Amino acid sequence: MRLKQRGVDLVIRLTAVPGRVGWVARRLLGWTEPKDINELYRMLLGRRPEPSEIEAKLGTHWRVALGDLLSSEEYEHPQEEDFAARFLERIGAFSISVDVTSKQLDRLFQDTRNYWQAAGSDVQTAYWSVLSADAWLGSQNRDQVLAFYETGRGNAESLIGIAENLRPDFCLSEARVLDFGCGVGRVLRHFVGRAAHCEGWDFSRSHLQLLEDNFNDLFQLDRSAFATRMLDSPDLEPIDAEFDFAYSLLALQHNPPPVMARMLRILLRSLAPGGLALVHLTTAPAIEGYAFSLDEYHKAEHRRMEMHALSRESIFDIAREEGVTVPWARYTNWCGPSFLNELIAFAKTD
Ligand SMILES: C[S@@+](CC[C@H](N)C(=O)[O-])C[C@H]1O[C@@H](n2cnc3c(N)ncnc32)[C@H](O)[C@@H]1O
């Protein structure tokens, strides 16, 4: 079952591969490139393809290549131990540096922000940038947008359920709620009217604009029912510690690690005493050979939806420094392969 889910995750990931022009061409032609084939093998079979396997699949439609692997003997009967060993090896080799100057941090933040603002301001990609599946690509009519917002309902209910389990005294109707990296409010929409206060923070003006338009036009929500905040800089001091419940889904892992670390700190600082946060983070590399160093990063071309990871060690250090505990974590399959992403709870003491 888990392997099948990985197949579904992969389809979603393949729609988010780099380079807009290359991507459009690939969508039209459906041709696989060596890196698609590598990715397919890595994610489905847990190994690199042999050169002959790359050659055999090169230029086939990626759905065909995907189908071949899904129906292969090796996929149906994986060597679980080998797979686990390779996976652990990959996590072990994972190297990132989060120490940057404030000027470097600002540049990383603004570069990332530019990508998201552009993705959100294009009607073809605005919803797709939030959920990277084919269904949300292209201009969406009213019913499609309503269906899009419905996808957030289950997320909201799981978050509320987890909060209630972790904090038996959690009372949504009295809670001040923050959605960090709220996008167009897909999940936040399901908190509005149920929580004492709802606020969405995002660094993309275009996503926030769409949130405000849709909340007003589609859901007839008055501006007094929710608040938004544009994060235009990673320097947000002072941050009022005012939220009882903060969450962040499918957002922070799209930032280079130093920005991710900084945003996590901001989010944790926004918690009121006794507050709880549920944060979705990539804690092991989703990309084989993934590493982050500032020099290498600036040499590469970045006009795409990026995926980054922050080690559990760094996350625990940040939690300790920000005075929160980590009472709970769970792997999720919401963004790429299930075992690499985690929903992590952070609790501030009273
Ligand atoms: C994939 S969308 C997910 C949106 C929303 N969380 C959801 O699940 O529907 C990612 C959103 O996070 C925002 N985001 C990414 N990095 C951010 C950062 N460092 N600060 C604020 N917002 C960020 C993007 O602008 C975008 O709106």
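**A mixed sheet and its helices**

In strand β9, A345 is the bridge partner of L278. Welcome to a predicted model, in which local features need pLDDT of at least 70, side-chain atom pairs count only at pLDDT 80 or more, and totals for chains, interfaces and linings use all residues. Residues are numbered from 1 along each chain as its sequence is written. Helices (H or I, at least four residues) and strands (E, at least two) are DSSP runs, numbered from the N terminus.

**The sheet**
- Strands β6 (residues 271–282) and β9 (residues 341–348) run antiparallel and are joined by seven bridges; two strands pair if DSSP finds at least two bridges between them.
- The open sheet has seven strands with mixed pairing, in the order β4-β3-β2-β5-β6-β9-β8.
- β4 (227–230) and β8 (324–331) are at the edges with a single partner strand each, so one side of each has no neighbour in the sheet.

**Helices on the sheet**
- Helix α11 packs on the sheet and touches β2 (176–180), β5 (243–248), β6, β8 and β9; contact means C-beta atoms, placed from the backbone, within 7 Å.
- Helix α13 (residues 312–321) also packs there, touching β6, β8 and β9.

**Helix α8 against α11**
- The axes of α8 (residues 102–121) and α11 (residues 257–269) come within 9 Å and cross at roughly 95°; axes are lines fitted to C-alpha atoms, for helices over the stretch in contact, and angles run from 0 to 180 degrees between N-to-C directions.
- L105, L108, F109 and T112 in α8 meet P258, V259 and R262 in α11.

How values were computed
Contact = placed C-beta atoms within 7 Å.
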